[in-house]
Amino acid sequence: MADNQQSEVLQLAIDLLSRESVTPEDAGCQPMMAEYLAKLGFDIEPMIFEDTTNMWARRNSEGPLFCFAGHTDVVPAGKLDDWHTPPFTPTIIDGILHARGAADMKGSLAAMLVATKRFVTKHPEHKGSIAYLITSDEEGPFINGTTRVIDTLEARNEKIKWCIVGEPSSSAKLGDVIKNGRRGSLTGDLYVKGIQGHVAYPQLADNPVHKTAPALAELASVKWDDGNEFFPPTSFQIANIDAGTGAPNVIPGELHVQFNFRYCTETHAADLKNRVHNLFDKYGLDYRIDWVHNGSPFLTDHGKLLEATCEAIREVTGYDTDPQTSGGTSDGRFIAPTGAEVLELGPINATIHKVNECVSIRDLEILADCYEAIMEKLLC
């Protein structure tokens, strides 16, 4: 391990974290990374789509293609008074690096860069290719980020074989958990029409809340599937309900309910939609649903990437990792459908999206060692 005060991983992390790249801003992170990678023999291809900055960088042209994927954007810092250090002034306290994006996921980006430098310095004639797929739109609407880059690569038949996404996967210690899949996400915005009126004259109105409540209760009690050995059962949750004018004496004329499915590989988005529509039709509601499909489930349950990653973590840390599919979505959902093997490996996720986000400097060093060991196993 390098001394923390002299660590290149630490210096790169500080450089990235000092840039206020609140989604979809990149704030110069990708040009900095591009300059670093160009010195290692990477060809740099910026891909700007609308308000989003993306970068595709590749070293060599032959296969197999190993890719690091990640994002330079971060979520807003929130109320600055709640932070004990300024969120965009990286601060080290007792070996812990504090800043917005420290764990999610600029620390991972720094570890990737150093691991790549070490690897290509040792193995300048390595087999296959190494690439970086970096976006500034992972924390936002994800419309012009990784999905657009993948569309571009697919159009020219440029295929990723193995992909490590640097999302913060770890739970209690670095590398104890990797994500070998993620559930799909499907959001529905339900609008139910009624007739507005005075609460004292309900016979002259039609309350959409009363009409819809039994349907929502049934929807919340449905068993969608049993899950499988890799995924928990599909879940349904109501996220937002809105109706009325705010006055206590007015029956609302419309109800809006927003709900979300996190679904496993036992179920398809089309099936979920059909079952929801059939249920609301049964209750005779005057409604519409606007659907947003946020991503399909994916799973890497075998293959060289999973084998290499598990072995690398064991060799570097001395313990076995646990592949899981829990948590939210990631940009892996756009990469896996191309046929790539996709895993997520990154820092401890206890402070992500919170005030006082932080990461252990030692963990970033260990992460760089893990990334380097994975490349050794795949490209040597």
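This is a predicted model: local features need pLDDT of at least 70, side-chain atom pairs count only at pLDDT 80 or more; totals for chains, interfaces and linings use all residues.
Residues are numbered from 1 along each chain as its sequence is written, and side-chain values use heavy atoms, with hydrogens and water left out. Local features need pLDDT of at least 70 and side-chain atom pairs count only at pLDDT 80 or more, while totals for chains, interfaces and linings use all residues.

Let me start with the cores, a nonpolar core being a set of buried Ala, Val, Leu, Ile, Met, Phe, Trp, Tyr and Cys residues joined through side-chain atoms within 4.5 Å, where buried means under 20% relative accessible area, exposed over 50% and partly exposed in between, with a 1.4 Å probe and protein chains only. The largest one has 59 residues, of which Phe66, Tyr132 and Tyr371 touch the most other members, and its largest share, 12 residues, comes from helix α9, residues 361-379; helices here are DSSP runs of H or I, at least four residues, and strands are runs of E, at least two, numbered from the N terminus. Apart from this core lies another, of 22 residues, Tyr287 and Trp291 among them.

Turning to helix α2, residues 29-38, seven of its 10 residues are buried, including Cys29, Met32 and Tyr36.

And what of the cysteines? With a disulfide taken as a pair of cysteine sulfur atoms within 2.5 Å, a search of the whole structure finds zero. For Cys29 the nearest cysteine sulfur, that of Cys67, is 18 Å away, and Cys29 counts as buried because its relative accessibility is 0%. For Cys380 the nearest is that of Cys370, 16 Å away, and Cys380, at 49% relative accessibility, therefore counts as partly exposed.
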